[in-house]
Amino acid sequence: MDAVVVGAGLGGLAAGLGLRRAGWRVRVLDQADDRADDRGGTDAAHTDTAITATDTADTATTPDIADTPVALWPGAFAALEELCPRCEPLPRAPWPPGSGVFDRSGRLLVSFDPLVASGAAPAVLPLDEVRRGLLRALGPEHVVPSAQVIGVRETSTRVVVRCADGVDHLTGLVVAADGPRGVLGPEVDDRPRVRHLGATSWHGLLPPGRVRPEWHGEMWGRGEVFGVAPLPGGGLAWYAVAPTGDPGRDLAPVPHEWFARWPAPVPEILAAAEDHPPVQRPVEGLFPLPRRYVRGRIALLGDAARGASPVLGQGAGQALADAVILELALRAKSRLDEALAAYDQVRRPQANRAARRTWLAAALHRLRHPVAVDVRDGLLAHAPQWMIGRVVLRALGGIGS
Ligand SMILES: Cc1cc2nc3c(=O)[nH]c(=O)nc-3n(C[C@H](O)[C@H](O)[C@H](O)COP(=O)(O)OP(=O)(O)OC[C@H]3O[C@@H](n4cnc5c(N)ncnc54)[C@H](O)[C@@H]3O)c2cc1C
């Protein structure tokens, strides 16, 4: 039993790990040349050296994720534990009391305290740290870097995976974890297209002591969002979303244009970000969602299956859940077609539901009309916090908890 996973992002590495646990031989191919590197890179949580600028040669399609924070909900940690029960748990930085969602005047709209108290809050980590943990658990020798897949051809019993360098990989199963713009999505369902949602996001890491924030959580404006989260080891993660409109617009590496006049610590974070450049990416969705995750011997997983999640930090957790369910399906069914059908039947409705909920939440973020923003903020500020906590957890539908 031999599988090729295309893409060594979190989804592909988790899939490789799950496949190995189910008894498959695995090759994880990635077009990037550093995806088999499990050495510590720049890590804002543990160093005060400058974080190197990311390679922006192709940021619109494959942002360099090395210096990016990622939010993981408890469900994502549970999936990691399932995939690697003996791995050391990833460290989590606790949210300071009083964290939450604020409006631009600093009024608390949604407190994180009830989520924190019930153990249901997300934790933010450098994405590269999660990637390296998965890579070590999988074994870097299973990852083939600099292998750009350009297509697949199925025979009755095998699949040929063709790479740009002319190498063909013959295999019994292909897991497409090559992101929302991957070449393999259309092989399974040719309807979904990546659509720009009129906004851009910036994601950065700052070393310990560089900025001491007055608040943690998110601040919502009129179509803009600014997030600040503690990192394990004392560093700081931040992200910003702004309604930048035209996807072709040339944008500055740091979003002063939208956030320079925001309350502290936003201007201080932006100033520090000049030395620690963030990753910038367009906010996009895959529309419509796929009607199937599987065709023949090809299975979609992670962002390749449903696009990157625009808000709520669901992308990584959903990709990890895909990998867990794929492993369980392969273990439970002796026939590959039955296992893949089970994966599709269990995972697609769950994950598509989660994707739709993130779009709804994104719509709340994107409100720009002053009246609509006042109504949103007024409702949130005056609703009982226990009720909001329940709505948030319900909106996450068990996927975040
Ligand atoms: C800047 C940024 C911030 C994010 N923030 C969050 C967050 O806070 N919370 C959250 O849950 N999620 C977040 N995400 C999304 C999250 O990282 C992903 O949803 C998750 O990592 C799963 O991604 P993936 O492995 O499916 O795809 P990706 O991470 O996109 O990996 C795809 C891989 O496939 C490779 N590839 C693509 N095409 C080919 C090809 N033709 N041949 C070979 N290899 C190929 C790429 O090099 C890449 O390594 C963020 C993503 C980015 C980029």
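Predicted model: local features only at pLDDT ≥ 70, side-chain atom pairs only at ≥ 80, totals over all residues.

Q: Okay. How many helices and strands does the protein chain have?
A: There are twelve helices and 18 strands in the protein chain.

Q: And what are the dimensions of the box that the C-alpha atoms fill?
A: Taken along the principal axes, the box is roughly 60 × 45 × 45 Å.

Q: How does the radius of gyration fit with a compact globule?
A: The two agree: a compact globule of 401 residues would have a radius of gyration near 21 Å, and the protein chain has 21 Å.

Q: What percentage of the residues is buried?
A: Buried residues are 48% of the 401 in the protein chain.

Q: What share of the contacts comes from residues 24 or more positions apart?
A: If you take the contacts with a separation of 6 or more, 74% of them link residues 24 or more positions apart.

Q: Switching topic: the ligand. How many residues surround it, and which are the closest?
A: 41 residues surround the ligand, and the closest are G7, G9, G11, G302 and G315. The elements giving two or more residues to that shell are α1 (10-21), β3 (69-72), β16 (279-287), α8 (303-306) and α9 (315-332).

Q: Which of those gives the largest share?
A: That's α9, with four residues.

Q: How do the shell residues divide into nonpolar, polar and charged?
A: You get 19 nonpolar, 17 polar and five charged residues around the ligand.

Q: What does UniProt list for residues 2-34?
A: An unreviewed UniProt entry lists them as "domain: FAD-dependent oxidoreductase 2 FAD-binding". In the model, that span is 36% helix and 30% strand, and its end C-alpha atoms lie 24 Å apart.

Q: Let's look at D303. Where is it, and is it buried or exposed?
A: D303 is in helix α8. It counts as buried because 26 C-beta neighbours sit inside 10 Å, and the cut-off for buried is 20 or more.

Q: Which residues does D303 touch?
A: Not counting residues up to four places away in sequence, D303 touches G11, G179, P180, A308, G315 and A319. Also, the C-alpha atoms of D303 and A316 are separated by 8.6 Å, with the two residues 13 apart along the chain.

Q: Now helices. Which residues of α7 are buried?
A: In α7 (residues 266-273), the buried ones are V266, I269, L270 and A273. They cover an arc of only 100° around the axis, so they end up on the same side of α7.

Q: What do they pack against?
A: The buried residues of α7 pack against β12 (193-206), β14 (225-230), β15 (236-242) and α6 (256-259).

Q: And which residues are buried in α2?
A: In α2 (residues 74-83), those are P74, G75, A76, A79, L80 and L83. Among the elements covering them are α1, β3 and α9.

Q: What's the phi of S146?
A: Phi of S146 is near 50°, a positive value in a residue other than glycine. S146 is in the loop between β7 (143-144) and β8 (149-154). It counts as partly exposed because it has 15 C-beta neighbours inside 10 Å.

Q: Last two: V371 and D344. Is each one buried or exposed?
A: V371, in helix α11 (residues 370-382), counts as exposed because it has 8 C-beta neighbours inside 10 Å. D344, in helix α10 (residues 336-366), is buried, with 23 other C-beta atoms within 10 Å.

Q: What is D344 in contact with?
A: Leaving aside neighbours within four places in sequence, D344 is in contact with R292, Y293 and V294. As for P253, D344 is 39 Å away from it, C-alpha to C-alpha, and 91 residues away in sequence.

Key:
Residues numbered from 1 in each chain as written. Buried ≥ 20, exposed ≤ 12 C-beta atoms within 10 Å, placed from the backbone. Arc of directions from axis to C-beta. Contact = placed C-beta atoms within 7 Å. Near = placed C-beta within 6 Å. Nonpolar A, V, L, I, M, F, W, Y, C, P; charged D, E, K, R; others polar. Rg over C-alpha atoms; globule rule 2.2 N^0.38 Å. UniProt positions renumbered as here; feature names shortened; annotations may be inferred.
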